[in-house]
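Please examine the sequence and the structure shown below. The paragraphs that follow lead through them step by step.

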Amino acid sequence: MNLASPPEPSASRRRTRVVVVGAGPAGLTVANILRAASVDCVVLETQSRQFIEQRPRAGFIEEWAVRALERRGLADRLLAHAQTHAECEFRWAGERHRFAYGELSGHRHFVYPQPLLVTDLVRAYADRAGGDIRFGVRDVELHGIDTDTPAVSYTDPDTGERIRVDCDAIAGCDGARGVTRTHLGPERATVARHDYGIGWLALLAQASPSSDCVVFGLHPRGFAAHMARSPQVTRYYLECPPGDDPANWPHERVWAELHARLAVAGAPPLTEGRLIEKRVLDMHNYVVEPMSGGRLYLAGDAAHLAAPIAAKGMNLALHDALLLGDALVASCADGDDSGLSGYSEACLPRVWQYQEFSQWLSELLHGASSGVPFKAGTASARLRRILGSPAAATAFAELYIGKGAEV
Ligand code: FAD
């Protein structure tokens, strides 16, 4: 069944080759690749430019993704400004355990806040390359994805006019709450879901980082984490009940819990600061399989969600987008549809690798606070294995940094 709404005879009509729905890291990467190959496209985004350039989220980009962006001329500012991290630290049972994943894998993380990456990608596409992007659009609808002439319609925010853009293909890059995924109904795709039954209070503090690396605090009171974002801003996470109200976490309680859960002998003290973001994430994952149907191709969070346990979501979004961008160029410029027909199959092994790793890491990180002695025991065994066995350490390092995902 195609859930497309009936044709809209009153809409004014335009034509392009590809409509990209959503201007997050996935959509903007696809759009830049299309633009660089002179393939006409339009990007439709419900939010304003200012909003997407400030929305705080991810911060850790895996080296393979940075190199892929660099090869496409999209990483100049990132390479000039990002710090790199090659170690993380587990704090557990009152002790610190440094883990040098960069040495073991030969790859690093680049610490670059998502809003900066989005800003760079918008500038490259819209300001430098003159690409067509519509902000603040409303009521986006898809039409005829099973035909050779699919279309996307939307309401122009300034004029209220209904506009229909006919195209050859639609890139569904509208994130976890978008509309494109709903067009791959149960008759076309399965949605595999996993709910961790855990909440994380996601915090951004106006405070300089208190460690030179990611810190995972495995504590009976609940998991806690520290991640740098910039010299002035640090992300923290605190495990909490799913669905908890951020109002239950006033400034004093947040810092008291962070001190309690991250404290170990010899660790530098936490630098406190004003909390500029405080929201509860209910940790869950999903994967839509296949990631395409007809002339609609999903990329990023529209196709799969990875709770930020292992910092994988934006990296996966970039992986999809790089593959999709190249496949669309081959189809539109050379008439070669093999990349598009193999797109979902090419993405899904990486998607499932990252999902499996996130689940595995979640069990390690939340065992101590589970209240279940068996889970606590197996989580300890898992951590001891990574810290004690060179083979296990190398396998962990490669999964953590996503080695092998070169595009
Ligand atoms: P999005 O970034 O969600 O972009 C989708 C865009 O589509 C949005 O701009 C949205 O406004 C727009 N849109 C929505 N509906 C419509 C519509 N109907 N029509 C048009 N446009 C629409 N990942 C990592 O790799 N590393 C990390 O360290 C990390 N940390 C995270 C921390 C937090 C607190 C959170 C919440 C996430 C984190 N992630 C991390 C995940 C990462 O942010 C996402 O995976 C990433 O944003 C996915 O990019 P995307 O382009 O697929 O979707």
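How do the residues of the shell around the ligand divide into nonpolar, polar and charged? In this predicted model, the shell holds 17 nonpolar, eleven polar and nine charged residues. Altogether, 37 residues surround the ligand, and the closest are E45, R55, R57, Q114 and M314.

Individual contacts may be considered next. The side chain of Q114 places an N or O atom 2.8 Å from an oxygen atom of the ligand. The backbone also takes part: a polar backbone atom of P25 is 3.2 Å from an oxygen atom of the ligand, and a backbone N or O atom of T46 lies 3.5 Å from a nitrogen atom of the ligand. On its own, the ligand has 1000 Å² of accessible area, of which the protein covers 93%.

The shell can also be described by its elements. Those that give two or more residues to it are α1 (25-36), β17 (234-240), β18 (274-289) and α8 (313-334). The largest share, four residues, comes from α8. Domain 1 (12-78 + 113-192 + 285-355) and domain 2 (83-107 + 196-284 + 369-401) each supply at least three residues to the shell.

Q114 leads on to helix α6, which comprises residues 114-128. Helix α6 is mostly covered, with eleven of its 15 residues buried; among them are Q114, P115, L117 and Y125. After α6 comes G130, which has a positive phi near 65 degrees.

Conventions
Residues are numbered from 1 along each chain as its sequence is written. This is a predicted model: local features need pLDDT of at least 70, side-chain atom pairs count only at pLDDT 80 or more; totals for chains, interfaces and linings use all residues. Side-chain values use heavy atoms; hydrogens and water are left out. The expected span of a helix is 1.5 Å times one less than its number of residues. Buried means under 20% relative accessible area, exposed over 50%, partly exposed in between (1.4 Å probe, protein chains only). A residue is near a molecule or strand if one of its heavy atoms lies within 4 Å of it. A polar contact is a pair of N or O atoms within 3.5 Å; within protein, one must be able to donate a hydrogen and the other to accept it, and residues adjacent in sequence count only if both atoms are side-chain atoms. Accessible areas come from the Shrake-Rupley method with a 1.4 Å probe; for residues, only the protein chains shown count as cover. Ala, Val, Leu, Ile, Met, Phe, Trp, Tyr, Cys and Pro count as nonpolar, Asp, Glu, Lys and Arg as charged, and the others, Gly among them, as polar. Domain bounds come from an automatic or database domain assignment.
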